[in-house]
Amino acid sequence: MGSEPALIATVDRIESNERGELLAVLVLDDGQQLVVPLAILPTGTRRGSVLRLRWEPDPATERERRERIRSLQQRLFGPEPGTEQG
Amino acid sequence: MLLLGLLLLAALTLLARSGWLRGTSVEPSASGGQTTIAFLDVGQALAVAVVTADGHALLYDAGNSARDVREVIAPFFEARGVSRLDYLLLSHPDQDHVGGMPAVLDSFAIGTFVDPALPSTNQAYLETLERVADHSIPAQRARRGQAFMLGEHVRLEILWPRDPLLRDESGEVADNDNALVVRLVHGAVTVLLTGDIEAPAERQLVALEDGGLRAPVLQVSHHGSQTSTTPELIDAVRPAIAVISAGADNPYGHPHAEVVNRLRAAGVTVYRTDVDGTVLIESDGTSYRVQVSGGPVDG
């Protein structure tokens with residue numbers, strides 16, 4: 001497990017937004033920060049927890065979003081000229 | 001002789017940084033007063049605002065996020081009494097260009113949305129299109145050859161992209177290389193906005209314009225990345241000044257030293273938003289003056 005290339009994030013602190021939702025401030029080892037709802041992190045995550053980030057393709061969402069954008073573009077700009085309409 | 005040349009270069013540089021310079025175009029100077037072109041300091045992103053003397057305005061790209069709009073873009077326009085943008089132009093749907101667009105659409109009335117309409121999965125771009133549709137804002141698919149007037153005295157010419165769109169090595173429609181390139185013409189003063197185009201698009205653009213690409217003011221493409229601003233482009237544009245929009249200590253090392261050195265070696269005065277803050281070009285249609293904020297613009 002430890003030998004896989006991965007990003008390591010430390011839960012630097014827990015903040016709350018104006019709606020009272022708890023937000024985890026994740027700090028990667030190179031200093032980049034990611035602020036995410038604490039609720040989506042593994043149960044028991046707390047300040048000081050160290051997380052290994054994993055990436056998973058989401059082709060269904062990608063396809064859906066690409067199609068929504070293409071559909072809106074056709075509605076707003078008309079049919080795609082030239083070769084784009086594959 | 002060398003000494004004389006160096007002295008002349010130094011004098012021109014000083015003039016460019018501090019005072020009025022004459023445009024290179026030979027167009028009539030019926031300018032209608034002063035037009036402001038602002039390269040706003042939105043960090044590692046791009047946002048260029050234009051306001052004419054008679055209150056017409058446009059925005060070319062909208063920074064990274066709603067925060068850029070709230071803290072930089074909206075205050076700039078509000079300080080000038082602008083609540084409606086004649087044109088909202090998107091160079092391409094990358095986050096550092098489209099991220100603030102939804103907030104702009106929430107904050108300003110928009111005359112026309114101009115967009116190259118490239119394939120994308122960017123969420124901010126999706127929200128942008130949804131707002132344009134919901135508000136029934138006229139939308140224009142930007143392609144080479146189109147032109148618009150901003151008020152009576154500023155002309156926008158779309159120089160890029162053109163059909164068929166450029167494709168990358170994998171056959172996908174290229175993103176940066178199909179970015180919207182706009183030439184702003186205010187009398188004799190011309191400003192070239194290049195988004196993030198890279199060497200392949202630059203090569204085609206230089207060939208298509210065939211000597212017609214000269215502009216005294218250049219927005220340096222792709223935040224000063226070495227992927228762009230080829231010697232051929234610099235030679236074709238022959239700018240007096242170049243503006244690089246980049247964030248301090250960004251992870252990409254923008255602007256790359258190679259590009260800055262190339263511009264300076266060509267005698268171009270380089271401004272950087274990460275160093276100079278917001279860069280303002282004040283054009284009266286025959287000449288222009290450069291002002292830097294060194295920090296946030298308060299109007």
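**Figure 1. Helix H2 of chain B and the largest pocket of the predicted model.** Helix H2 of chain B (residues 66-79) contributes three residues to the lining of the largest pocket, the most that is given to it. Helices here are DSSP runs of H or I with at least four residues, strands are runs of E with at least two, and both are numbered from the N terminus. The model is predicted, so that local features need pLDDT of at least 70 and side-chain atom pairs count only at pLDDT 80 or more, while totals for chains, interfaces and linings use all residues. Residues are numbered from 1 along each chain as its sequence is written, chains are lettered from A and ligands numbered from 1 in the order in which they are written, and side-chain values use heavy atoms, with hydrogens and water left out.

Figure 2. A pocket is an open set of points on a 1 Å grid over the protein atoms alone where a 1.4 Å probe fits, with protein on both sides within 12 Å along at least five of seven lines; lining residues have an atom within 4 Å of a point. Of the 20 lining residues, B:Gln44, B:Asn64, B:Asn250, B:Pro251 and B:Tyr252 lie nearest the centre. The lining holds 10 polar, seven charged and three nonpolar residues; Ala, Val, Leu, Ile, Met, Phe, Trp, Tyr, Cys and Pro count as nonpolar, Asp, Glu, Lys and Arg as charged, and the others, Gly among them, as polar.

**Figure 3. B:Glu71 in helix H2.** B:Glu71 is part of helix H2 of chain B. This residue counts as partly exposed because its relative accessibility is 46%; buried means under 20% relative accessible area, exposed over 50%, and partly exposed in between, with a 1.4 Å probe and protein chains only. B:Val42 is 29 residues from B:Glu71 in sequence, and their C-alpha atoms are 8.9 Å apart.

**Figure 4. The loop that holds B:Ala53.** B:Ala53 belongs to the loop between strand S3 (48-51) and strand S4 (57-60) of chain B. With 49% relative accessibility, B:Ala53 is partly exposed. Residues up to four places away in sequence aside, B:Ala53 touches B:Gly32, B:Gly33, B:Gln34 and B:Thr35, where contact means heavy atoms within 4.5 Å. B:Asp106 is 53 residues from B:Ala53 in sequence and 25 Å from it in space, C-alpha to C-alpha.

Figure 5. Most residues other than glycine have a negative phi, and most peptide bonds are trans. The bond from B:Asp163 to B:Pro164 is cis, with omega near -5 degrees, and B:Pro164 lies in the loop between strand S9 (154-160) and strand S10 (181-186). The bond from B:His254 to B:Pro255 is also cis, with omega near -5 degrees; B:Pro255 sits in the loop between strand S13 (241-244) and helix H8 (257-265). B:Ala117, although not a glycine, has a positive phi of about 55 degrees. The loop between strand S6 (109-115) and helix H5 (123-134) contains B:Ala117, which is buried at 2% relative accessibility. B:Arg238, also not a glycine, has a positive phi of about 45 degrees. B:Arg238 is found in the loop between helix H7 (231-237) and S13 and is partly exposed, with a relative accessible area of 48%.

**Figure 6. A:Asn17 between two strands of chain A.** From the N terminus on, the elements of chain A follow the order β-β-β-β-α. A:Asn17 occupies the loop between strand S1 (7-16) and strand S2 (22-28). A:Asn17 counts as buried because its relative accessibility is 16%. Its side chain forms a polar contact of 2.7 Å with that of A:Glu21; a polar contact is a pair of N or O atoms within 3.5 Å, of which, within protein, one must be able to donate a hydrogen and the other to accept it, and residues adjacent in sequence count only if both atoms are side-chain atoms.

**Figure 7. The interface of chain B with chain A.** In this interface, 24 residues of chain B are in contact with 16 residues of chain A. The two chains bury about 1800 Å² between them, 59% of it on carbon and sulfur atoms. B:Thr121, B:Leu126 and B:Arg141 supply 34% of the area that chain B buries against chain A, more than any other three residues. Buried area is the accessible area (1.4 Å probe) that two parts lose on being put together, summed over both.
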